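Look over the sequence and the model first.

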Amino acid sequence: MPDSATSTPTDLPDGARAAAPDAGQDGAHHDAPIATVGLEAAPTPLSLRLAPGAHADARRAFDLARETFIAGRRLDMGPLAASLGVDRTSVFRWVGNRDALLTEVLWSLAVPTLVQADRATASEHGAERVADLLTRFAGDLIAAPYFREFLAREPARALRLLTTKASPIQHRFLATCEWLVRTDIGDHPFDDGAGDGGIDPASLAYLLVRVSESFTYADLITGEAPEADRAAVAFRHLLRVPSPAA
């Protein structure tokens, strides 16, 4: 999230609040594997420009765009250019179009939330850890006011950028989930050695991503309220994890 020297909302979820200055492409969580695997799987021209020292103007525009988004305001290229003291052409040259910029802003906020969930479940193991980590991640997204405001303000664009191949966000989340599966469950999930009942990590990751999307964006997809608890039940069933009460 923005530096504490700037105005930082106090009602951010724990994961977002844990982000350090520039916590995205090159922030304090850069060395956490869960923070880098998605970006490595699906880099973009802008993500490369946001690497440390790569392009100061792109970084400056990105930081201001991120602050604007966190404040719950619509991110528009004209006002962004005016705030930077340049014309729109310069901003487009630095960061690309609005969708490209929104994509990197959204992912930069997802990363510290993933890192927070990763740390919170560090003492857990196997499929249970994967289920609990993804539940925490979904819950933090559902609770983030700036994120819900974006979904309500631009539902069609949000779903397109977050849940389709129109942007690299879903690809990055898929890569992250596959990394989680391989790290915590193994390369042959649920394979009992008899040649039946197993599933490959990529397919399991795809199902986990779809479950996460279904409950995080339930209000846009079905009109129902997003619920992390329902996501938790689905994750546990999918990952064959007994309920905590069992």
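## Salt bridges

A search of the whole structure finds 19 salt bridges. The term means a side-chain nitrogen of Lys or Arg within 4 Å of a carboxyl oxygen of Asp or Glu. This is a predicted model, where local features need pLDDT of at least 70, side-chain atom pairs count only at pLDDT 80 or more, and totals for chains, interfaces and linings use all residues. Residues are numbered from 1 along each chain as its sequence is written, and side-chain values use heavy atoms, without hydrogens and water.

## Links across the sequence

Arg-74 and Glu-154 form a salt bridge (3.5 Å, N to O). Arg-74 lies in the loop between helix 4 (56–70) and helix 5 (77–84), and Glu-154 in the loop between helix 9 (145–153) and helix 10 (155–163), so the pair ties together parts 80 residues apart in sequence. Helices are DSSP runs (H or I, at least four residues), numbered from the N terminus. Both residues belong to a salt-bridge network that also links Asp-76, Arg-98, Asp-99, Arg-157 and Arg-160.

Glu-154 is buried, at 6% relative accessibility. Arg-74 is partly exposed, at 41%. Buried means under 20% relative accessible area, exposed over 50%, partly exposed in between (1.4 Å probe, protein chains only).

## Helix 2

Helix 2 (residues 33–41) buries Ile-34, Ala-35, Thr-36, Val-37, Gly-38 and Leu-39. Its buried residues pack against helix 3 (45–49), helix 7 (98–120), helix 8 (126–143) and helix 11 (169–184).

## Confidence

The chain averages a pLDDT of 88, the predictor's confidence in each residue, from 0 to 100. Over residues 1–29 the pLDDT is below 50.

Conventions
Helices (H or I, at least four residues) and strands (E, at least two) are DSSP runs, numbered from the N terminus. Contact means heavy atoms within 4.5 Å.
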